[in-house]
Amino acid sequence: DGFVFNSLTTRETVEGLIGGGKPAVVAYPGRDRDVSALSRELVQARAMEPGPIRLLMVGSLIPRKNLHTLLNALASLPSDIWRLEVVGSLETGPQYARQVKDQIEAESLGYRVNLLGILTGRELAERYSSSQILANPSSYEGFGLVYLEGKSYGLPSLASTTGAAHEVTTHGLDGFLVSPSRPEIMAQHILALHRDRAKLARMSLAALERYEAYPTWEASAKTIRSF
């Protein structure tokens, strides 16, 4: 009889499959709190910290999350300028998880890539708080709640041009949108932010502002209830 969509992208995808014409509304997933998880001062200071740039990926190890392409990008960069932590289930896609582990070993990335498995609560919050970039270049996301969650901690997103990431990330402002099949472009953006920490700080603060401007869950629920 009608549709509630989590993004404009999902609406376009569904209507492309079955056609439009039925009543519909887009109600974005909401933010969890009234303020960001970290202060502007802490986010800015974190961005300016010296040493390897700290990347975080959050999502189960499945092909759609595109970790293998991110690893290709990182393998092309100098070994002393980056570190990656991956939070997510290693059991959802066991064959892909084995492929990723083999890739890490083959590229000698072991001491720079840490597969942490599932984390929740305080442990996950600590990873968000201590990282500097959220690197989730998924091949497709119907919305991508992880981008919004990362922005609550002031993390610019390295996201994909496919799917709905563009609805929560503006290229060059609070993150980068890259074709999921272009590791060389991903590497360029990571290297640029490593070299220019002032730019990283600006993008981190823009990520906080993007989060604070997003609808709350209550607002999204009101949209649905009204519809």
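This is a predicted model: local features need pLDDT of at least 70, side-chain atom pairs count only at pLDDT 80 or more; totals for chains, interfaces and linings use all residues.
Reader: How many aromatic pairs does the structure hold?
Author: The structure holds 5 aromatic pairs. In one of them, the rings of F3 and F5 have their centres 5.5 Å apart and their planes at 5 degrees, so this pair is stacked.

Reader: And are those two, F3 and F5, buried or partly exposed?
Author: F3 has a relative accessibility of 27%, so it counts as partly exposed, whereas F5, with a relative accessible area of 5%, is buried.

Reader: OK, what about Y28 and Y214, what kind of pair do they form?
Author: Y28 and Y214 form an edge-to-face pair, with 5.8 Å from centre to centre and 65 degrees between the planes. This pair links distant parts of the chain, as Y28 and Y214 are 186 residues apart. Y28 lies in the loop between β2 (24–26) and α2 (40–47), while Y214 lies in the loop between α8 (197–212) and α9.

Reader: Why does Y214 count as buried?
Author: Its relative accessible area is 8%, and buried means under 20%, so Y214 falls in that class.

Reader: Which residues do ring pairs link into a cluster?
Author: The cluster is made of Y28, F143 and Y214, which are linked by ring pairs.

Reader: New topic: which residues make the nonpolar surface patch?
Author: V4, I224 and F227 make a nonpolar surface patch of about 260 Å².

Definitions and conventions: Residues are numbered from 1 along each chain as its sequence is written. Side-chain values use heavy atoms; hydrogens and water are left out. Patches are made of residues with over 30% relative accessible area and no salt bridge: like charges are joined within 9 Å, nonpolar side chains (Val, Leu, Ile, Met, Phe, Trp, Tyr) within 5 Å. Accessible areas come from the Shrake-Rupley method with a 1.4 Å probe; for residues, only the protein chains shown count as cover. A salt bridge is a side-chain nitrogen of Lys or Arg within 4 Å of a carboxyl oxygen of Asp or Glu. Rings of Phe, Tyr and Trp (its six-membered ring) pair if their centres lie within 6.5 Å; planes under 30 degrees apart count as stacked, over 60 as edge-to-face and the rest as tilted. Buried means under 20% relative accessible area, exposed over 50%, partly exposed in between (1.4 Å probe, protein chains only). Helices (H or I, at least four residues) and strands (E, at least two) are DSSP runs, numbered from the N terminus.
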